[in-house]
Amino acid sequence: MNDMSVETKTQVWVEVCKLDDIPPQGSRVIRATLGCVALFRTTDDKVFALEDRCPHKGGPLSQGIVHENGVTCPLHNWVIDMESGRAKAPDEGRVRTFPVEVRDGKVLIDRALLA
Amino acid sequence: MTKKLVVIGNGMAPGRVLDHLFEKAPGEYEVTIFNAEPRVNYDRIMLSPVLSGEKAYEDIIIHDDAWYDEHGVTLLKGKKVVEIDRADRKVIAEDGTTAEYDKLLIATGSSPFVIPVPGNDLDGVVTYRDLDDVDAMLKTAQGGGHAVVIGGGLLGLEAAYGLKRQGMEVTVLHLMPTLMERQLDPSAGYLLEKALVERDIKIITRANTQEITGADGKVTGVTLEDGTELPADIVVMAVGIRPSAQLADDAGLEIGRGILVDDHMVTSDPDILAVGECVEHRGQCYGLVAPLYDMAKVIATNLAGDASAEYTGSVTATKLKVTGIDLYSAGDFAEADDREEIVLRDATGGIYKRLVLKDNKIIGAVLYGDTADGAWFFDLLKKETDISDMRETLIFGQAYAGGSPLDPTAAVAALPDDAEICGCNGVCKGTIVQAITEKGLTGVDDVRAHTKASSSCGTCTGLVEQLLAVTLGDAFQPDAVQPMCGCTDMGHDDVRRMIVAQELKSIPAVLQELNWKTSCGCAKCRPALNYYLLATWPGEYVDDKQSRFINERVHANIQKDGTYSVVPRMWGGITTPDELRAIADVADKFQIPTVKVTGGQRIDLLGVKKEDLPAVWADLNAAGMVSGHAYGKSLRTVKTCVGTDWCRFGTQDSTGLGIKLEKFMWGSWTPHKVKLGVSGCPRNCAEATCKDIGVVCVDSGYEIHFAGAAGMHVKGTEILCTVETEAEVLEYIGALTQLYREQGRYLERIYKWADRVGLKVAQEQVVENAERRKELNARFVYSQQFMQNDPWAERAQGKDAEEFTSFRLAQFGKVA
């Protein structure tokens, strides 16, 4: 089990935005109580939600360049795999990932994570 | 005593003679070359890649001017010899230049055959022989339109492919039923035709040209005997060549089809030798490069005083230089009663291999689709090896013969020492291995320099690399080109060239056509590609903001805490009380924590929240300020001193010139950042001599400097030239910047670029060649018209709004 992503027994999906609100190969930021969450959209319309803090020096990942399932942090070019949240070797570190779904063109996340 | 050697012609054959001669007998001859073409010696077999855009002229030069200087060779460019005076032992050129000789080498090559049909002298009917022909074709191709190539042989097909790649509609007319019938059997010819048709080249075989039609002296089409009419903006004749022997004939030398030579390559006059395509030796005339090189070796040995060397003829092999089509043919493959053949066909794989055997020896080989074993078959052919023992697996190639493994390196290791690796230059394995071990060679370039292997057509580069690997073991580091990033094996320069050649106009097109290994690139290659496309196709390419680093995407500099800094432009470092007030007001209004003066004579507002950026910009815009591009690989600042306005030492209006330069150049994207400085006198208060481009004003005008650095490396500038007027300063700097924009690799500062290509490149193209300078500057000016829109104003008015807004939790409603 993924020990760093949070799972809840009863998920309450909330709509954050439309898929089209996130530019392809781009990102949007959700300001939540626990901090900022970055939503990324890939060329093939997959959406990932990650804590918007690089495990290296806290850089805002949302401002990075998106390529395939990775994002390169704008501060020091760490590459984070958006699926696992892990930094690409030789760098080591991991960022929180959150469950996210795209349904009927809507981007849904679990409200519990943002409470 | 030095003897006088005069060479008529400066093609590949005499070039190679001289290479060998200077090695064997340095200083023995004083050499004078008459070249009808106005240039140095270049690799003629690489004209096709130049036509298709895969290589540039500079890439195919064999001997540059420095080489002639170094060897004391007098090269008379653009001088055509019209007479050989054998009695007085001298040659006479068209313009009256004469040169006396002790030994004369005729290397007049061949001339293309022009078919005798009406209209063959119309403007737009060209042959395919030298760089001028290629230039003519490229010029026509710029306008698109239709090209008709007459002749479906090696040259014709390479011309057709090149013109297609340059964007023309191409039809090949071939008299015979199948293409390249002299080198290929009908089956391979068919596969070749299919592959070319797939590349959208129209092929008409059994085509008998009746007339070339024209209007106003210019070609408009081709009519075939069966009445077919084809439109044509250009007609390329590639039906064959014939030895150029007229000069020799006029001089009374014996000629047949070509100039007759004996096994020492000597003509009927013992002091006159001949080499290359102009000769006829034992009844044979050659048009490929390998035999010419064999002849060159013999001549050089003879000239060096060793009369034992003899040329006994060559067996030739052919490769077609069309990207993506692998085709190899060698020897004789006509059918006859006393011959057998082994054929392998793989229809889906598009592979066809045929070996022709006589008395258990290979006498001919045709390979299509998979030519890896070409060298091995050719080796067996030339050595007349008895193949009865391996006959059953012979067609599968060397890997299966004797059960040796499939690893290509092992296959190369298994080759005998006298197996030929480089067909163009006749270099065998033993020579290369010996050079590697004795001279301590470590890379392909070293091998090229010492043995000439892989220095002509380059198709054996892989074999040479494998030989290096076999010989050096783990010590071998393939040098090749540094790839752009992990997504590709291609280097920056190759990628740029292909963007131009294949007219790739989007990032997905580049990734697709250049076989990127990743589906959408990475943070290294995408910004580079975005720049290359933007620089190559101004006004056409649509900037991909997702391929830009954050600073360029949001037009501000990201700071360590995720806030941004904002630097408005202050033209030439000049500001006003109103601007300063507006900056102060913005700092107050948006609670900007730090206001700092930068090193580039501007003011930096640090700690701006991202969502405030558009409003900050709107306020700055309202006071007349625009983006200072302090975040871009682009023109940054033009630092100035006060010059003649105030300074008692000032010689020119450095502030005014700085402002003009900044207004001219702002908004341009470049491989890396570009910072300028203009100093009003040699005291240099604007520190212009450590800038990317600097101007130091002097009494008589303006010294233009470039290639300085004051970052991680500190380096003084180099002086480009001195000019007299401000208008010239702008033109020279515009041209210099454009040259850097076109040649610089992404993230390569001007000083690194100049260091890599040599300072003389800028000297030649910007200073010495006025026409080139004007072209470069014109391209810069053209590109600028699309670039000078203030990115801040666009975003203050709502562009990319989503970039500057975020979602808040309270906005969300429950869905399920």
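**View 1. Helix α21 (residues 654-665) of chain B lies across β34, β35 (674-679) and β36 (693-698) of chain B.** It runs at about 170° to β34(B), with axes fitted to C-alpha atoms, for helices over the stretch in contact, and angles from 0 to 180 degrees between N-to-C directions. Helices (H or I, at least four residues) and strands (E, at least two) are DSSP runs, numbered from the N terminus. Contact means C-beta atoms, placed from the backbone, within 7 Å. This is a predicted model, where local features need pLDDT of at least 70, side-chain atom pairs count only at pLDDT 80 or more, and totals for chains, interfaces and linings use all residues. Residues are numbered from 1 along each chain as its sequence is written, while chains are lettered from A and ligands numbered from 1 in the order in which they are written.

**View 2. Here is an open sheet of five strands, in the order β34-β35-β36-β37-β40 (chain B), with mixed pairing.** β34 (635-640) and β40 of chain B stand at the edges, each with a single partner strand, so one side of each has no neighbour in the sheet. Strands pair if DSSP finds at least two bridges between them. Five bridges join the antiparallel β37(B) and β40(B); B:Y702 has B:V723 in β40(B) as its bridge partner.

**View 3. Helix α24 (residues 759-768) of chain B has B:A762, B:Q765 and B:V766 buried (20 or more other C-beta atoms within 10 Å of its own).** On the other side of α24(B), B:K760, B:E764 and B:E768 are exposed (12 or fewer).

**View 4. Chain B meets chain A: 24 residues of chain B are in contact with 30 of chain A.** In β41(B), B:F807 is the bridge partner of A:I30.

Definitions and conventions:
Contact = placed C-beta atoms within 7 Å.
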